[in-house]
Amino acid sequence: MSRTIIITGGAGFIGSHVVRLFVTKYPEYTIINLDALTYAGNLENLRDIENAPNYIFEKVNILDTAELERVFKQYNPDGVIHLAAESHVDRSILSPLDFVYTNVIGTVNLLNAAKQQWSTTLNPSTPNNSTLNRFYHVSTDEVYGALGETGFFTEETKYDPHSPYSASKASSDHFVRAYHDTFDLPVVITNCSNNYGPYHFPEKLIPLFINNIITKKPLPVYGDGQYTRDWLFVKDHAVAIDLVFHKGKNGDTYNIGGFNEWKNIDLVKLLCKLMDEKLGNAAGTSEALITYVKDRPGHDRRYAIDASKINKELGWKPSVTFEEGLAQTIDWYLENTEWLKHVTSGEYQQYYGEQYANRG
Ligand code: NAD
Ligand code: DAU
């Protein structure tokens, strides 16, 4: 069956893996990558598929309602996979409004564009169980807040966001559900844990530390380093998105996670060891770069996902171990130092200089 799908944020980290998967796996689909190309969006992430006949790029900001209307009219998509967002917690602490604009208002703009385009099929009095149209919102486990030493986030866990980033994502999730409940828009939401892998922007823990090890800069570990995250290889996330887009239940939420919890300091020490091996350094060279710095305000202590629903209902589970995924990731960064140099120049470099250089 041929389909036309708008993927927002397709030039970013996760979005580029989703676009690549859909363009190559479904040659009969038309995939429109809609992205504003902020500091985090980069068409170099898609060089290998940019000439595919079923791929179209549209440089559009989701805050521009006229442009959204134009794109929806022009392509008449039957699906939307929405990843475009401001995604970095530290930036949300410095500039919360940017997160309100893109993550909340941008999402509502997209919901309105889809609602308008699909208006003839929507009818709140006869619930829409069709998967003919689908608005898929890609969200985060951070909406659930922080866990103590034990327990997991399930799809029933109450929302309790703490950072401006997670508050904006929680708000966008609520709007997506509201459009389902009020206007019968066929939606599905996933809440995923920390991704890692190729094309990850080097402001986030793993790629930042890989880059700093390569360039012999300090590795700034926040607080006591005992914060815990659940890590998932980005290609496994893309596979889960494919499954949920095609087979997820209308109106439902699915948690996605790696069954792979790591305390930050343990992960950083493993990364240092693997980097020393790959770079031929003496043991302990990279660990010597570890520097404990002031904690992130409102830092959530622990995230852990119970991904049993998507496993039981759709048969998804991660395909690579953390050791395999991390080794592949390190290899990719070592083979793509030009990409690293490019994305850490210009606007990002300015930001890095101002906000990160003097932490301690
Ligand atoms: P990213 O920052 O790497 O990419 C975001 C993309 O969105 C970029 O290409 C950027 O240009 C685009 N964008 C930003 N603002 C835009 C706007 N106003 N209009 C159009 N495009 C815009 O983000 P990511 O890490 O790939 O995350 C993608 C999505 O997945 C986000 O919604 C994020 O909340 C969610 N998520 C991320 C993770 C993770 O670990 N990275 C985990 C769970 C969920
Ligand atoms: O849980 C899913 C979320 O994971 C996504 O929704 C976000 O978009 C994504 O950015 C990520 O958020 P985190 O805040 O968990 O990721 P980050 O890489 O920024 O930080 C991971 C952990 O490492 C966190 O406990 C903070 C810590 N950290 C981070 C940086 C950048 C450090 O100790 N030092 C650092 O320099």
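**Close-up views of a predicted model**

**View 1. Polar contacts between the protein and ligand 1.** In this predicted model, a polar side-chain atom of Ser-87 lies 2.6 Å from an oxygen atom of ligand 1. The protein covers 96% of the 840 Å² of accessible area that ligand 1 has on its own. Backbone atoms also take part: a backbone N or O atom of Ile-14 is placed 2.8 Å from an oxygen atom of ligand 1, and for a backbone N or O atom of Thr-38 the corresponding distance is 3.0 Å.

**View 2. The shell of residues around ligand 1.** Ligand 1 is surrounded by 28 residues, of which Ile-14, Asp-35, Ser-87, Tyr-165 and Lys-169 are the closest. At least two shell residues come from each of α1 (13-25), β5 (134-140), α5 (164-183) and β7 (194-196). Strand β5 gives the most, with 3 residues. Sorted by class, the shell contains 14 nonpolar, 12 polar and 2 charged residues.

**View 3. Polar contacts between the protein and ligand 2.** A polar side-chain atom of Asp-141 is found 2.5 Å from an oxygen atom of ligand 2.

**View 4. The shell of residues around ligand 2.** The surroundings of ligand 2 comprise 24 residues, and the closest are Asp-141, Tyr-165, Pro-220, Arg-296 and His-299. Helix α6 (205-214) and strand β8 (219-222) each supply at least two residues of the shell. By class, this shell has 11 nonpolar, 7 polar and 6 charged residues.

**View 5. Aromatic pairs.** The count of aromatic pairs in the model comes to 17. One of them joins Phe-99 and Tyr-165 in an edge-to-face arrangement, with 6.3 Å from centre to centre and 85 degrees between the planes. This pair links distant parts of the chain, since Phe-99 belongs to helix α4 (residues 96-117) and Tyr-165 to helix α5, 66 residues apart. Phe-99 has a relative accessible area of 2% and is therefore buried; Tyr-165, at 9%, counts as buried as well. The ring centres of Tyr-333 and Trp-339 are 6.1 Å apart and their planes meet at 75 degrees, so this pair is edge-to-face. Both Tyr-333 and Trp-339 are buried. Elsewhere, ring pairs link Phe-22, Tyr-26, Tyr-29 and Phe-245 into a cluster.

View 6. Thr-329 is found in helix α10, which spans residues 322-335. Its relative accessible area is 1%, so Thr-329 is buried. Apart from neighbours within four places in sequence, Thr-329 is in contact with Tyr-196, Gly-197, Pro-198, Ile-210 and Phe-233.

View 7. Gly-315 lies in the loop between α9 (308-314) and α10. With a relative accessibility of 56%, Gly-315 counts as exposed, because the cut-off for that class is over 50%. The C-alpha atom of Gly-315 is separated by 8.9 Å from the C-alpha atom of Leu-243, a residue 72 places apart from Gly-315 along the chain.

Definitions and conventions: Residues are numbered from 1 along each chain as its sequence is written. Chains are lettered from A and ligands numbered from 1 in the order in which they are written. This is a predicted model: local features need pLDDT of at least 70, side-chain atom pairs count only at pLDDT 80 or more; totals for chains, interfaces and linings use all residues. Side-chain values use heavy atoms; hydrogens and water are left out. A residue is near a molecule or strand if one of its heavy atoms lies within 4 Å of it. A polar contact is a pair of N or O atoms within 3.5 Å; within protein, one must be able to donate a hydrogen and the other to accept it, and residues adjacent in sequence count only if both atoms are side-chain atoms. Accessible areas come from the Shrake-Rupley method with a 1.4 Å probe; for residues, only the protein chains shown count as cover. Helices (H or I, at least four residues) and strands (E, at least two) are DSSP runs, numbered from the N terminus. Ala, Val, Leu, Ile, Met, Phe, Trp, Tyr, Cys and Pro count as nonpolar, Asp, Glu, Lys and Arg as charged, and the others, Gly among them, as polar. Buried means under 20% relative accessible area, exposed over 50%, partly exposed in between (1.4 Å probe, protein chains only). Contact means heavy atoms within 4.5 Å. Rings of Phe, Tyr and Trp (its six-membered ring) pair if their centres lie within 6.5 Å; planes under 30 degrees apart count as stacked, over 60 as edge-to-face and the rest as tilted.
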